[in-house]
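Grab a pencil and have the model open in your viewer. Try each exercise before you read its solution.

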Amino acid sequence: MAAPTLQAARLDDVLARMDKAGASFRDVSAKIVRKDHTAIINDTSEETGTIRMQKAGDRNVRMKIDFDEPDVRSVAFADRKAQIYYPKIRTVQVYDLGKYRDLVDQFLLLGFGTSSLELRKNYSVRFIGDEKVAGEHTARLELTPKSNAAREHLSKVELWISDAGYPLQQKFYRPSGDNTLTIYSELKINSNLTEDSLKLRLPSGVKREYPQK
């Protein structure tokens with residue numbers, strides 16, 4: 001009985017740390033490395049970039065990611081819309097998030113400003129163990145979605161939570177067997193990001209595409 005009791009105590013400790021950090025969370029900017037693994041061909045691609053994310057209100061999230069070479073592009077989420085801008089071909093693709101808006105907000109905020117109450121409401125949460133990430137101590141958590149809607153897109157999520165209460169890594173597992181690992185570095189918390197810094201910078205004459213239509 002000692003091990004499960006210790007795990008439960010460690011989980012409570014990590015969630016309390018996240019609650020403390022989340023209570024004052026407004027925004028984050030960081031460098032990222034993203035590794036996408038495609039199961040069917042057993043291939044992993046890697047790209048780097050910069051992320052800026054802001055929590056506006058209780059659940060509303062604004063976010064922009066600027067990816068570097070070789071596939072230069074910017075991705076922005078705001079309100080009920082996602083946009084992907086490809087500067088090399090001067091094209092922006094616009095997507096209506098529609099009924100998935102709440103899920104998108106939920107996934108984006110995982111570990112950043114999400115309360116333990118929200119986590120336990122939407123996921124079965126398990127403490128896996130303590131690990132080092134880039135030399136820093138982290139607590140590794142496993143989150144399994146409770147709702148059928150979420151499980152259509154995610155089979156589970158892993159978070160590596162720092163002593164400051166924020167994730168240094170997130171790993172999203174999809175039902176197909178594919179997964180995406182995001183590694184954060186040089187985190188800046190509550191640096192008062194402006195709304196303008198979260199918008200796409202589009203030149204005049206840019207082509208707009210609506211792939212859902």
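This is a predicted model: local features need pLDDT of at least 70, side-chain atom pairs count only at pLDDT 80 or more; totals for chains, interfaces and linings use all residues.

Residues are numbered from 1 along each chain as its sequence is written, and side-chain values use heavy atoms, with hydrogens and water left out.

**Exercise 1.** Work out the strand order of the sheet and find its edge strands.

*Solution.* Start with what counts: strands are DSSP runs of E, at least two residues, numbered from the N terminus, and two of them pair if DSSP finds at least two bridges between them. The edges are strand 7 (123-133) and strand 12, each pairing on one side only. From one strand to the next, the twist averages 20° (axes are lines fitted to C-alpha atoms, and angles run from 0 to 180 degrees between N-to-C directions). Now check one end: strand 7 pairs with strand 8 (residues 136-145) in the antiparallel sense over 10 bridges, and Glu131 has Thr138 as its bridge partner in strand 8.

**Exercise 2.** Trace the pairings of strand 6 on both sides.

*Solution.* Take strand 5 (residues 81-86) to begin with: six bridges join it to strand 6 (residues 91-96), and the two run antiparallel. Gln83 is partnered by Val94 in strand 6. Four residues lie between the strands of this hairpin, and Arg90 in the turn has a positive phi of about 50°. Then look to strand 12 (residues 207-209), which runs parallel to strand 6 and is joined to it by three bridges. Here Val92 has Arg208 as its bridge partner.

**Exercise 3.** Are Thr91 and Glu158 buried or exposed, and what do their side chains reach?

*Solution.* Thr91 sits in strand 6. Its relative accessible area is 5%, so Thr91 is buried (buried means under 20%, exposed over 50%, partly exposed in between, with a 1.4 Å probe and protein chains only). The Thr91 side chain reaches the backbone oxygen of Ile89 at 2.9 Å.

Next, Glu158 is in strand 9 (residues 156-162). Glu158 counts as buried because its relative accessibility is 3%. Its side chain makes polar contacts (N or O pairs within 3.5 Å; within protein, one atom must be able to donate a hydrogen and the other to accept it, and residues adjacent in sequence count only if both atoms are side-chain atoms) with the side chains of Arg140 at 2.7 Å and Tyr173 at 3.2 Å.
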